[in-house]
Every structure is written in structure tokens, then in C-alpha cells.
Amino acid sequence: MRPIIGITASKELGKDEYTIELADTEAIVRAGGLPIMLPHIEGEAELEELAEHIDGLFLAGGWDIDPTLFGEEPHPGLGVIIPSRDRFELELVEKVLEKNKPVLAICRGAQILNIAAGGDMYQDTPSQLAGNLLQHQQRAPKEHGSHFVEVQEGSLLHRLTDSLKLKVNSRHHQSNRHVPDHYLVSGIASDGVIEAIESKEHGFALGLQWHPENMARAGDAASLRIFEGFIRACTEEGDE
């Protein structure tokens, strides 16, 4: 049977509806998984049951993250936040990792993964990180690879993609800053922006700042291998 992959849903301010990106579901199905959308539920028992039922967690992209969750107040460059989503994802990812189930975290999701681990982030990278930055909010189609990422040799990301240099798409203004010691920075852009993190303590907990779901949709081989590796890890978890 296909492993069940929970995809965290997005929500718009002022609207009582959830949304997920078609590219997310398509990449998971293509790699062999069965995606389901996860609403922002609350309650210890409910979250525990949800973490038990899914075989893997996909933390999708979306709006900004409440900075009070990592001890800061709002920067002028902070965008829209959805507090219910922040709470739900932080609590759920902790429960999923306690069970050592696979987590693939994309863009906003990579920052949620880092904050849950005890790290923090730039609320607005262009104004908070010194130096000559690359264009991290590309003016190009979603699937276009716009800059490069250097990959740490021997990392999970390296093993998945079989590459030490990836060309990735980019549409974010927030990024991870301090990453705790039990996580590895496995991908970094030429301007120093952290592009990939992964847990040293779990079988598969990978956060990517870019959007491989869009690149996989366009047939990018490395992006497809990331999803295939994620689903393979979920399948192995379900077989235990």
C-alpha cells in the first residue's frame, strides 16, 4: 500500500477555507505516496492520533511565521502570519519526529522544522542579513532554477540527489539563521543563505528553502529523487 503523507494546509486571512498546492500533491503521488490535507486541529489527543496515522509529514510552504515563537517581536518586513497554522505545525512536527517518522519541509516548512528544533530565523532576510544577496524572490516561472546551492558531501541531501551542487528555484524573504547542533546545514547559497537543514538524530528530517515540488513538476531529476527518497523512507517506516 502507498504510504499516507500528511500535507499541511495553508489558510488566507479572513477566509474560512484551507488550500494546498497542486504541485505538492502531484509530486507526492508521482513518487508513490498518497497525500491527504491536514487542517489546523488542536488538542493533545487529536494531534497524537494524527501523528500515529500518517506515515510521513510534508510541511508545505506558505505565509510568514510568528516571531514571538522564537523570542522576537515583529520586524517591519514581516508579512502575513496565521497563528493557528504555526501552533499546529510546531506541535505536529514534534510528535511526528518523536515517532521517528519522515519529514520533508519546504520553504516556510524548513523554518518551522528549525524552530521546532530550537533554532531561529531571519524575519526578513534582505534587510537583516548583511552582504550582497542573491535574488531570493525570483522573477521567473516557478519551476525555473535561478541560483545554485552547494551541498554538504555525505549529507542526506547529497545521497538523495547524488549532487554537490544544485540549481534551485527561489521565492522567499525569510530564511533560517541559527541552526541547533543536532541539525546539519547541508545546503548553502553563495551569499551565505542557509538553503537546507537536516536532522542528525532522525532517519529522514529534511528542510529545503526552495520548492522542489515545482521543479519536479517540470521533470527536474534531482527534485524527483528528493520526493522518491522521502516516499521510500515513509514506506520503510510503514513496513516496520
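Predicted model: local features only at pLDDT ≥ 70, side-chain atom pairs only at ≥ 80, totals over all residues.
Reader: Why is Gln174 called buried?
Author: Its relative accessible area is 4%, and buried means under 20%, exposed over 50% and partly exposed in between, with a 1.4 Å probe and protein chains only. So Gln174 counts as buried. Gln174 sits in the loop between β9 (165-168) and β10 (175-176); strands here are DSSP runs of E, at least two residues, and helices are runs of H or I, at least four, numbered from the N terminus.

Reader: Which other residues does Gln174 contact?
Author: Contact means heavy atoms within 4.5 Å. Leaving aside neighbours within four places in sequence, the partners of Gln174 include Asp64, Ile65, Leu78, Met121 and Gln209.

Reader: What makes Pro126 exposed rather than buried?
Author: Pro126, in helix α5 (residues 125-128), has a relative accessible area of 52%, so it's exposed. Not counting residues up to four places away in sequence, Pro126 touches Leu133 and His173.

Reader: How do you know whether Asn100 and Asp162 are exposed or partly exposed?
Author: Asn100 has 38% relative accessibility, so it counts as partly exposed. Asp162 has 65%, so it counts as exposed. Asn100 is in the loop between α3 and β6 (103-106), and Asp162 is in the loop between α6 (156-161) and β9. Asn100 has a positive phi of about 55° although it is not a glycine, and the phi of Asp162 is near 55°, also positive in a residue other than glycine.

Reader: Why are α2 and α3 called oblique?
Author: The axes of α2 (residues 44-53) and α3 (residues 83-98) cross at roughly 55° and come within 9 Å. Axes are lines fitted to C-alpha atoms, for helices over the stretch in contact, with angles from 0 to 180 degrees between N-to-C directions. Under 35 degrees is roughly parallel, over 145 roughly antiparallel, 65 to 115 roughly perpendicular, and the rest oblique. So α2 and α3 are oblique to each other.

Reader: What makes up the contact of α2 with α3?
Author: Glu44, Leu47, Glu48, Leu50 and Ala51 in α2 meet Phe88, Glu91, Leu92, Lys95 and Val96 in α3. By class that's six nonpolar, no polar and four charged residues. Nonpolar covers Ala, Val, Leu, Ile, Met, Phe, Trp, Tyr, Cys and Pro; charged covers Asp, Glu, Lys and Arg; the others, Gly among them, are polar.

Reader: What angle and axis distance describe α3 and α4?
Author: α3 and α4 (residues 108-116) pack at an angle of about 65°, with their axes 10 Å apart. The residues of that contact divide into seven nonpolar, no polar and five charged.

Key:
Residues numbered from 1 in each chain as written. Heavy atoms only, no water.
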